[in-house]
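Let's take a friendly walk through this fold, one element at a time. Have the viewer open and follow along.

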Amino acid sequence: MCGICGILLADQTTMCASQLLESLHFLQHRGQDAAGIVTCGPRGRLYQCKGNGMVRDVFNEQRLLGLIGNMGVGHLRYPTAGSSANSEAQPFYVNSPYGIVLSHNGNLINAPALRRYLDQDAHRHINTDSDSELLLNVFASELEKTNKFRVNEEDIFTALAGVFRECQGAFACVGMLAGFGLIGFRDANGIRPLVIGERVNADASVDHVMASESVVLKALGCQKWTDLLPGQAVIILKATMKPVIRQVAPMLSYTPDIFEYVYFARPDSVMDGISVYRSRLAMGDKLAANIVRRFGGIENLKKQVDVVVPVPDTSRNAALQLSFTLGLIYREGFVKNRYVGRTFIMPDQQVRRSSVRTKLNAMELEFRGRNVLIVDDSIVRGTTSKEIVQMAREAGAKNVYVASCAPPIRHNHIYGIDLADTKELVAYSRTEADVAAAIGADDVIYQTLPDLIAACVEENPNIKEFEVGVFNGEYVTGVENGYLEHLEETRFQNARLKKLEKKATSMAIGVNGDGEGKAEVDIGLYNTGDYR
């Protein structure tokens, strides 16, 4: 899962870099591994700054001033099965043909086949393990087939149709052709989100913004926006400033990834007509009914549970609604250190484990002598849940029950959320009682899958289905033979690589005597052609 954005300003003398930076700040929750911006200035010249780390680590005022141009794209990387090397930071760029820049959110399930195709047939060099680079080179290869000095809208739409034919999986992309314009497209099942909006200026000119979530467009002052539908692409020419949206591939389904609403998206975003905030309130209501059934009625529940405590931050909305529905006291029992990132998307399991207690602290005042119902958005590996339950007990809780807004996660996520290898999932081959024992809780109550779907459908009845493969193993695109094994092997190989990188970094710090953390940043300029 990553965050992507793109901006094209009507005033060609204005720099878009600061607004791209603001967009990335609003999307920081979608990726903390790397950040990058590429802008396009006069004569189609491209300028880039990207590197490992948070937005605040990668960019400063001096670097921002070097990003010239009124058009650009940004990216936030979330570590998937690929490595976390600096070469993986996006946006990616290829100079041929025409100078293409691309930011990608998602995962291609036919990556091994695409790699062979690009090597053996298209003869294009792939420099990283990222399937985003594969997608970019497939697009470049399709565009190269035009064999023209300069391409037009029709050529690009034709090339994108070729991308949809070749690439399978989940993808939402924002890109640009040097000096030409901004491009956006979304996979034919609508798994990954992409929103496009307009901002009317005082002189009646119109700026255009694309992003993973609507919160970016609202923050930048867009007066209207819409979700790009599955299989659609949009091109905004720099010369005309008018977006052209076309269905370049048949809509196979309209199945957004339900994990966006459970965990990943900001609550103030609206995605595919569904308010993330209201969907989480509905999750709280649905989960409350399940909890009542588990405890044998509301009276028995109130005898056994004294207080509802959320795991900050993403479970707060659901937990508050749940406590209101059940008539139980709601308390903020865990204090969060806001300067520690999400443990869920940290790339290393050991770092993830050690960060839980740095991130959260239990207040004894809310736990001592009480039976506590802890509400979390989901239970993945169980690492965080186990630490949280232990903290509650150390703070004096008598009984600790854990409720999950999501059903048991028993399968791999293949569309860009690196949950874990299947066997590392705490619910894999375990019953709810087994999970409770594994994390040290007195009981675990899960949301049912039908209830989770119903909570999201309430907001937009036009969407009937969601991508829910992590819960039932039924992926909307299907899975090619050997792909899950390929994912697990890739994770294993990159885990070894990360250990070597960590060891090499430690040795370098020992030699140089520099223990100060710094972002590894790549600053560059691409000289490209000129669209007139």
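Which residue in β6 stands opposite Tyr93? Val101 does. Keep in mind as you look that this is a predicted model. Strands β5 and β6 (residues 100-108) pair in the antiparallel sense, joined over 3 bridges.

Now widen the view to the sheet around this pair. It is an open sheet of 6 strands with antiparallel pairing, and the order is β5-β6-β7-β8-β12-β13. At its edges you will find β5 (92-94) and β13 (243-247), each pairing on one side only. On average, and ignoring direction, neighbouring strands of this sheet are turned by 20 degrees against each other. A helix also packs here: α6 (residues 153-166) touches β7 (169-177), β8 (181-186), β12 (232-237) and β13. The direction of α6 makes about 150 degrees with that of β12.

Searching the whole structure gives 11 aromatic pairs. One of them joins Phe171 and Phe185 in an edge-to-face arrangement, with 6.1 Å centre to centre and 65 degrees between the planes. This pair links distant parts of the chain, since Phe171 lies in strand β7 and Phe185 in strand β8, 14 residues apart.

Next, move along to another sheet. Here 5 strands form an open sheet with parallel pairing, in the order β17-β16-β20-β21-β22. Because β17 (329-330) and β22 (443-446) stand at the edges with a single partner strand each, one side of each is left without a neighbour in the sheet. Strand β21 (residues 399-404) runs parallel to β22, and 4 bridges join the two. In this pairing, Tyr401 stands opposite Asp443 in β22.

α11 packs on it and touches β16 (307-310), β17 and β20 (371-376), its direction making about 170 degrees with that of β16. Helix α14 (residues 383-394) touches β20 and β21, and its direction makes about 150 degrees with that of β21.

Stay with α11 for the last stop. Helix α9 (residues 276-294) packs with α11 (residues 316-326) at an angle of about 45 degrees, their axes 7 Å apart. The two helices are therefore oblique to each other, and their crossing is right-handed. Among the residues that meet are Leu281, Leu287 and Ile291 in α9, and Ala318, Leu322 and Leu326 in α11. By class, the contact of α9 with α11 has 9 nonpolar, 4 polar and 2 charged residues.

Definitions and conventions. Residues are numbered from 1 along each chain as its sequence is written. This is a predicted model: local features need pLDDT of at least 70, side-chain atom pairs count only at pLDDT 80 or more; totals for chains, interfaces and linings use all residues. Side-chain values use heavy atoms; hydrogens and water are left out. Two strands pair if DSSP finds at least two bridges between them. Axes are lines fitted to C-alpha atoms, for helices over the stretch in contact, and angles run from 0 to 180 degrees between N-to-C directions. Contact means heavy atoms within 4.5 Å. Angles under 35 degrees count as roughly parallel, over 145 as roughly antiparallel, 65 to 115 as roughly perpendicular and the rest as oblique. A crossing is left-handed if the near helix is turned anticlockwise from the far one by less than a right angle, and right-handed if clockwise. Ala, Val, Leu, Ile, Met, Phe, Trp, Tyr, Cys and Pro count as nonpolar, Asp, Glu, Lys and Arg as charged, and the others, Gly among them, as polar. Rings of Phe, Tyr and Trp (its six-membered ring) pair if their centres lie within 6.5 Å; planes under 30 degrees apart count as stacked, over 60 as edge-to-face and the rest as tilted.
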